[in-house]
Amino acid sequence: MTDLFKTLSLYLINEQCYDKYFLNFDFLDVNCFTSLLSKCLGLAIVAGSMMVKVPQILKILSNRSGQGISIASVLVEICAITAHISYNYVKGFPFSAWGDGAFLAIQTAAIAALVFHFSGATAKAGVFLTGYICVLYVLMGGITPLHVLWSMQACNVPIIFIGKMIQAVTNYRNESTGQLSPLTCYMLFFGALARIFTSYKETGDPMMILTYAVSSLANGIIVFQLIYYAKKGKKTKTEKSAQATKSKPKSKKVD
């Protein structure tokens with residue numbers, strides 16, 4: 001039982017921290033605490049990612065239609081995710097540092113296949129899934145040089161920022177965030193912030209840290225717009241309500 005506990009503990013902390021915690025009972029070591037916090041945050045993000053796109057998948061299956069979903073957008077997204085997980089896997093980083101990308105890749109691939117299938121192109125869905133598995137093998141099977149994977153990961157940085165800025169400009173022009181889900185935006189923002197910390201502690205890779213820093217900045221701009229336009233909308237409603245009250249004709253008193 002003790003060996004099992006130690007084995008499980010060593011997945012979260014290293015041997016040195018295990019000795020400090022459970023042999024010396026030193027629970028105040030800062031380095032061990034931050035390492036444990038980073039690992040737990042990473043695992044929490046991975047666990048949360050398992051359900052991120054499940055509602056979308058269920059909606060497609062329920063309606064038996066992928067109408068309104070841009071297959072081009074889905075394919076661009078899966079390319080970015082695939083570059084990310086391939087780079088991390090080949091570099092040998094801990095699964096807790098990038099595992100969320102793996103689950104997002106599976107779910108995004110499922111969405112793409114379903115869109116193809118329900119648009120009447122079932123053969124395309126089969127070809128896509130087969131081709132995607134082959135691409136994963138080429139990228140993660142040691143065939144692709146690391147510098148190529150690094151370049152692919154580097155390309156994710158401008159793609160992430162430009163994509164979010166397009167949305168930010170649209171919000172600015174419309175003076176509204178429209179149908180953007182505040183919960184999703186907040187989750188993306190705080191998730192990216194947490195990933196800066198976990199990437200620093202678990203990988204120390206500058207490219208990973210830069211990617212999540214840019215993602216945090218871009219998502220932060222969207223979150224700022226959500227807050228700003230929500231307050232502006234409330235202010236406008238209050239002013240309209242006040243004007244409506246003033247414009248009501250006053251009833252004359254009868255002597």
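In the predicted model, local features need pLDDT of at least 70, side-chain atom pairs count only at pLDDT 80 or more, and totals for chains, interfaces and linings use all residues. Residues are numbered from 1 along each chain as its sequence is written, and side-chain values use heavy atoms, with hydrogens and water left out.

In domain 1, 10 residues are in contact with seven residues of domain 3 (contact means heavy atoms within 4.5 Å). About 660 Å² is buried between domain 1 and domain 3, 63% of it from carbon and sulfur atoms; buried area is the accessible area (1.4 Å probe) that two parts lose on being put together, summed over both. Ser 38, Leu 41 and Ile 45 supply 57% of the area that domain 1 buries against domain 3, more than any other three residues.

One salt bridge is counted between domain 1 and domain 3 (a side-chain nitrogen of Lys or Arg within 4 Å of a carboxyl oxygen of Asp or Glu). The side chains of Lys 39 and Glu 202 form a salt bridge at 3.4 Å, N to O.

Residues 209–230 are 100% helix and 0% strand, with end C-alpha atoms 31 Å apart (helices are DSSP runs of H or I, at least four residues, and strands of E, at least two).
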